[in-house]
Amino acid sequence: MTAGTTDTSRQEIRRIFEAQRANQAAVAKATARERIAKLRRLHKTLLHYRQEIRDALYKDFQKPPLEVDLTEIYIITSEIKHTIRNLRRWMKPQNVGTPLPLLGSRSYIQYQPKGVVLIIAPWNFPVNLTFTPMVSAIAAGNCVMLKPSENTPHSSAIMAKIVEELFPENEVALVEGAVETSKALLDLPFNHIFFTGSPAVGKIVMQAAAKNLASVTLELGGKSPTIVDETADLEKAAARIAWGKHVNMGQTCIAPDYLLVHESCKEELLKKISRHLNASYGEAPQNSPDYPRIVNRHHFERVKASLQEALEKGARAVIGGQMDDASRFIAPTVVAEIAQDSRLMTEEIFGPVLPVIGFRSLQEAIDRINSREKPLALYLFSKNRKNIRQVLNHTRAGTTCINNSLLQFNNINLPFGGDNNSGIGKSHGWFGFEAFSNARSVYQQIWPLSTADLLRPPYNAWKQKLADWTLKWL
Ligand code: NAD
């Protein structure tokens with residue numbers, strides 16, 4: 001099939017699903033050594049196809065090769081390496097303590113694969129967000145069906161080639177297609193669905209999962225705020241916000257969506273951000289080889305319309321604003337004095353436009369954040385410990401990064417995921433392995449006599465005394 005042009009048929013999808021179901025018990029039996037061998041092969045193959053992956057992403061939305069290396073391939077290879085280092089330990093039964101009333105027993109958790117799992121991915125980091133969860137799913141011993149986004153067909157094609165080369169279809173299979181394919185997949189009784197995409201589609205996925213009581217991990221999006229207070233190192237804040245917002249042309253789920261800055265340093269920060277954008281992409285960013293494009297016409301028109309609406313409602317373009325319809329180009333743009341009812345302030349932007357709002361007290365910024373859905377990421381630039389504590393204690397967010405941008409995603413020891421509207425469940429490292437596993441509780445009686453044996457009916461005064469004692473002391 002040509003990448004991204006045809007929906008895989010329902011019959012074909014069902015056939016692969018049934019084949020995986022039939023094979024799941026065998027796949028689940030794989031030892032740590034066998035699972036590690038699969039991951040090593042994946043690692044080697046990714047590096048083998050490095051140039052083809054770079055080419056595919058360039059064709060999809062002109063993503064610079066260095067960014068493909070660091071934000072697609074490296075994210076997956078580091079996940080693989082971390083998983084290989086830890087998998088033996090994760091797969092071992094994990095002993096837990098024994099409370100006094102259960103004296104004479106042992107208890108442990110055995111992590112077992114969920115079964116046949118579905119991974120649905122978005123287009124903005126197409127290889128990373130398809131293969132990184134797949135690493136966790138394979139490590140946990142599952143069969144996997146992958147559905148990458150129809151908006152990045154070249155990336156889908158190279159991923160399909162890699163999957164076909166490495167795995168039999170009854171173990172890991174990639175199906176291409178758009179909404180119809182996704183719907184056909186969602187009709188099947190998967191054991192777990194790992195979805196990365198918009199909150200709107202996340203709700204559709206969760207409804208479909210409910211029909212089969214499948215567990216879900218939903219990695220969603222939303223508007224991630226960035227606060228800069230009056231104590232922040234403005235030079236560093238400006239450089240890191242400019243980079244975090246405009247890498248991947250702002251098409252990043254954890255990109256700073258809007259900026260809240262203390263009025264006393266607002267103009268200075270804006271000047272510095274403009275300077276850093278010029279330093280990164282030049283006076284004519286359209287000619288920069290390091291600046292991608294909006295993925296397709298629909299998203300280009302969406303961001304363009306939102307920016308035009310904001311400007312019509314009186315927003316000031318601090319820098320940027322230039323567009324080219326033919327090449328789906330929008331310059332790195334910063335807008336101030338924005339009306340709060342502009343779409344730039346009511347919807348996730350997912351493009352290279354940064355609205356800036358001044359605040360006079362930190363509480364005002366916190367109230368603004370708390371008046372919205374809980375974000376996937378919250379950024380804070382501050383040198384003041386009290387302010388950092390105040391923001392952490394009085395806001396909610398899936399992830400937080402202090403005095404930098406995006407890097408919380410890169411520490412594999414941290415869980416990655418949102419909170420309600422920005423997501424349900426976590427991924428990366430141990431948390432990814434856990435998401436694709438059932439934590440099976442095992443209680444094993446060791447001593448011949450258990451305390452429960454003493455408390456069986458018929459009840460009498462002595463047993464009542466024992467119950468009273470238990471309530472009082474244990
Ligand atoms: P999307 O929700 O439109 O699509 C994601 C996937 O769902 C695609 O594979 C698509 O084919 C499928 N899909 C679309 N409509 C569907 C429907 N009606 N029924 C079933 N499946 C459907 O998202 P997108 O535009 O690809 O990506 C952008 C969104 O993803 C943003 O909201 C962004 O914040 C979010 N995102 C989140 C993360 C994260 O890790 N939390 C990462 C990247 C992107």
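The following legends describe close-up views of a predicted model.

In this predicted model, local features require pLDDT of at least 70 and side-chain atom pairs count only at pLDDT 80 or more, whereas totals for chains, interfaces and linings use all residues. Residues are numbered from 1 along each chain as its sequence is written, and side-chain values use heavy atoms, with hydrogens and water left out.

**View 1. Polar groups facing the ligand.** A polar side-chain atom of E348 lies 2.6 Å from an oxygen atom of the ligand, and one of W123 lies 2.9 Å from a ligand oxygen atom. G197 places a backbone N or O atom 3.3 Å from an oxygen atom of the ligand. The protein buries 91% of the 850 Å² that the ligand exposes when taken alone (accessible areas by the Shrake-Rupley method with a 1.4 Å probe).

**View 2. The shell around the ligand.** Of the 28 residues around the ligand, K147, E150, S198, L220 and E348 come nearest (a residue is near a molecule if one of its heavy atoms lies within 4 Å of it). The shell comprises 17 nonpolar, seven polar and four charged residues (Ala, Val, Leu, Ile, Met, Phe, Trp, Tyr, Cys and Pro count as nonpolar, Asp, Glu, Lys and Arg as charged, and the others, Gly among them, as polar). At least three shell residues come from each of domain 1 (10-220 + 424-438) and domain 2 (225-417), with bounds from an automatic or database domain assignment.

**View 3. Backbone geometry in two loops.** F350 has a positive phi, near 50 degrees, in a residue other than glycine; F350 belongs to the loop between α12 (343-346) and β14 (353-359) (helices are DSSP runs of H or I, at least four residues, and strands of E, at least two, numbered from the N terminus). The peptide bond from P457 to P458 is cis, with omega near 5 degrees, and P458 lies in the loop between β18 (437-445) and α16 (461-473).

Methods: Polar contact = N/O pair within 3.5 Å; in protein donor to acceptor, adjacent residues only side chain to side chain.
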